Amino acid sequence: MGKALIVSDSHGLTDELETLKSRYQNKVDLMIHCGDSELSTSSKEMSGFVTVKGNMDYLGDDFPNEAIELLGETCIYITHGHLYDVKMSYLSLAYRAEETGATIACFGHSHIAEAFEREGMIFINPGSIRLPRGSFEKTYALLEIEDNSISVSFYSLDGIRIDQLSRTFEKKTVRK
């Protein structure tokens, strides 16, 4: 059980990251940035985020390429996605996430907000809060893990839920 804020591809935005941190402070257990912040690892805007290195993160050279976090008892694999060619296929990402024991893979890179399940692995791309593709909404995601379900809700930058993107998965369909 737990909640996580997931953002990606903010490409230099600072006020927006601070707004999201303030909006969800004390409301989530984990804050994830899936890369391409284009900020340094020491910037105040990145404090509090578990952050991975994206292909445009030249200032954040010491961000790791991947991270593994537990949200309650659920293992989450975090990467930007460019090292796994997520614009072409999710297969390499799925294999790597499975190797780490994760049941959820969070990534960015394509700037396309989506959540889906394949063979027991849940994939979450929060989209981009700066340069969205696939829709015109600047998006981020909230992950909520409950006893019997995993919910991924997408929001516009101004905090309005985007119902058509949001999904709920039954835990029984998720790999143990």
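Two strands count as paired if DSSP finds at least two bridges between them. Strands here are DSSP runs (E, at least two residues) numbered from the N terminus. This is a predicted model, in which local features need pLDDT of at least 70, side-chain atom pairs count only at pLDDT 80 or more, and totals for chains, interfaces and linings use all residues. Residues are numbered from 1 along each chain as its sequence is written, and side-chain values use heavy atoms, with hydrogens and water left out.

I'll start with strand E8, residues 121–125. E7 and E8 form a hairpin with two residues between them, and Glu 119 in the turn has a positive phi of about 50°.

E8 also runs parallel to strand E6, residues 104–106, with three bridges joining them. There, Ile 104 stands opposite Ile 122.

How much of E8 is buried? Five of its five residues are, where buried means under 20% relative accessible area, with a 1.4 Å probe and protein chains only. Met 121, Phe 123 and Asn 125 point one way, while Ile 122 and Ile 124 point the other way.

Now the cysteines. A disulfide is a pair of cysteine sulfur atoms within 2.5 Å, and by that rule the count is zero. For Cys 34, the nearest cysteine sulfur is that of Cys 106, 5.2 Å away. Cys 34 is buried, at a relative accessible area of 0%. Cys 75 is in no disulfide either, its nearest cysteine sulfur being that of Cys 106, 11 Å away. Cys 75 also counts as buried, at 12% relative accessibility.

How values were computed. Buried < 20%, exposed > 50% of the residue type's maximum accessible area, 1.4 Å probe, protein only. Helix = DSSP H or I, 4+ residues; strand = E, 2+ residues; numbered from the N terminus.
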